[in-house]
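Please take me on a walk through this model, one selection at a time. Which parts should I click on, and what will I find there?

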Amino acid sequence: MDTKKKLILSLYRQYKATQAKQHTLTYLFWECTLRCNFNCVHCGSDCTRQAAVPDMPKEDFLKVLADIRPHVDPHKTMIVLTGGEPLVRRDLAECGQAMYDMGYPWGFVTNGWGLEEKRLQSLLKAGLRSVTISLDGHREESHDWFRGKQGSWLRAINAISRVVSTPDLVYDVVTCVNKRNIADLPRLRDLLISLGVTHWRLFTVFPKGRAKDNPLLKLSSDEFLQMMDFIRDTRREGKINASYGCEGYLSDYEMEVRDNPFFCQAGINIASVLVNGDISACPSLRGDYVQGNIYRDDFWTVWNTRYQIMRDRSWTKTGKCASCKSYKYCQGNGLHLRDEKTGELLHCHLEMMGINPCKQRRAVKNTNLINKTAIL
Amino acid sequence: MKKFVLKTYGKIIAWVLTALGLYTSCDKIEPRVEYGTPTADFIVKGNVNDAHNLQPIKDMGVIYKSDMAPFGNDTVRTDANGNYELEFTKTAFGAEDITVYTSDIDKDEFQSDTIRIKASELKQIGKRRKNWYNGKFEGKADFTLVRHPGPVPMYGIIPTRHQEIKGE
């Protein structure tokens, strides 16, 4: 790794430490439903059409927002509705309007199926500011297989076109890269560019939910490096702002495949209210990471007095992380990649890139790499 | 000869006092007239760059905010190379701590940052004059700014700020 990158990562490390101390809440997820009209093969939520847990009444979540309003800058606190599929909630515009009236910017992640023109307009009138739409293939076949629903590709394409042509709406398209679509990424990129998409986020699945036992979902080291090279080259080309998702320390690829160095903000800037009222950080952090429940605890008290497990990550220096030379930059990888019970790291991005975390030498040959051997 | 010795002696005393922290204009300690306002000129120079790529940031606002009534601001913007030069006059008996901060006035892409330049870090570049003028001082403050918001969380959306609905 070159000196400049090391310097930036070192500075960023200081920044992360100050952020952890300040722990300013800027991003609040609301898992507003577990119901979903899709049957995605990778879904970490294990959601179903008729979820066992009922939707949270909007009043319960809005009370949390009203309670924290004196303590945060609502204009700078992003409320993100997630699921399940948020659009299956019929009162979504009412929820959004109430959040807008309190001064919070809000948005949601969607499969695009229900984002028809009329619905989009009603949400925009309710103050919708940001949308993320999933698209997992340049052809119907790969997307529909992945999403478990025929016709979903076409609906997603239509939704993307609507969002792209809406002024002032912040958006991006997100793609889950898997063995079936990795070869098609250049064609998918071209498709998105032709639709006028400016921001594209790619991510990989981690071994949870339905993804756990599906061999088609987890990329090999070669494929993972292929994807990294693809994102880097696409960014250099400059036609579309492609980036890798927030998870994982990426060694040589840091700042080559996304704007920011790796920073797991869970519990530092990010909190969540899960569908059953549990208070956590990113929605993928459940089980032992839950810090309280809105039906039992005051959210703001929980945010200020708990979350130590996320703000002090020193406990993650165990197992393979204990002897890893990149730990100072990585600090235990994304929390959702660690076992909720034992704390052991389940998924190391350095290993995904064929790097031995202890020796910091790459076992996989890749002629396109920035440095042929990654010694940090 | 006697005059020369006295002058030299005076300079030595002034130099020692300067070294001890009492700011003088090199060699003279002049009495002040009453009912004046002690002032000094200050220049703060520096550079503003992006922490992610260390590239200069253009048009970033660099601000000196007065700590005395009427609490006015002096604001300049960085040039294409990220450089700025902030010049202002303030009520001061000599070099004093100066606080400058940056603000991304137009785009709000970067987080604000504050740098406090200690009095001892300022360099005197203009002499103290008679009466209440205490000289000119120069300081340096380089900013390395971090973008906000941070990375987009897994399954999250691109964060943005509140915006009034048009036509309301």
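Two strands pair if DSSP finds at least two bridges between them; helices (H or I, at least four residues) and strands (E, at least two) are DSSP runs numbered from the N terminus.

Before you start selecting, note that this is a predicted model, in which local features need pLDDT of at least 70, side-chain atom pairs count only at pLDDT 80 or more, and totals for chains, interfaces and linings use all residues. Residues are numbered from 1 along each chain as its sequence is written, while chains are lettered from A and ligands numbered from 1 in the order in which they are written.

**Stop 1: colour by confidence.** pLDDT is the predictor's confidence in each residue, from 0 to 100. Chain A averages 88, with 91% of its residues scoring at least 70. Now select residues 367–376 of chain A, where the pLDDT is below 50. Chain B averages 76, and 69% of its residues score at least 70; in its residues 20–33 the pLDDT stays under 50. Where pLDDT is low, the predicted coordinates should not be read in detail. The scores for the model are ipTM 0.75 and pTM 0.72.

**Stop 2: strand 2 of chain B.** Select residues 61–65 of chain B. V62(B) and Y64(B) form the covered face of this strand, and G61(B), I63(B) and K65(B) the uncovered one. In a regular strand the side chains alternate between the two faces of the sheet.

**Stop 3: where the chains meet.** Two residues are in contact if their C-beta atoms, placed from the backbone, lie within 7 Å. By that rule, 46 residues of chain A are in contact with 22 residues of chain B. Select helix 1 of chain A (3–22), one of the elements that supply at least two residues to the side touching chain B. Helix 1 gives the most to that side, with five residues.

**Stop 4: V80(A).** Finish by selecting V80(A) and showing its contacts. Leaving aside neighbours within four places in sequence, V80(A) is in contact with Y27(A), L28(A), F29(A), G107(A) and F108(A), and also with G156(B) and I157(B) of chain B.

Note on methods: Buried ≥ 20, exposed ≤ 12 C-beta atoms within 10 Å, placed from the backbone.
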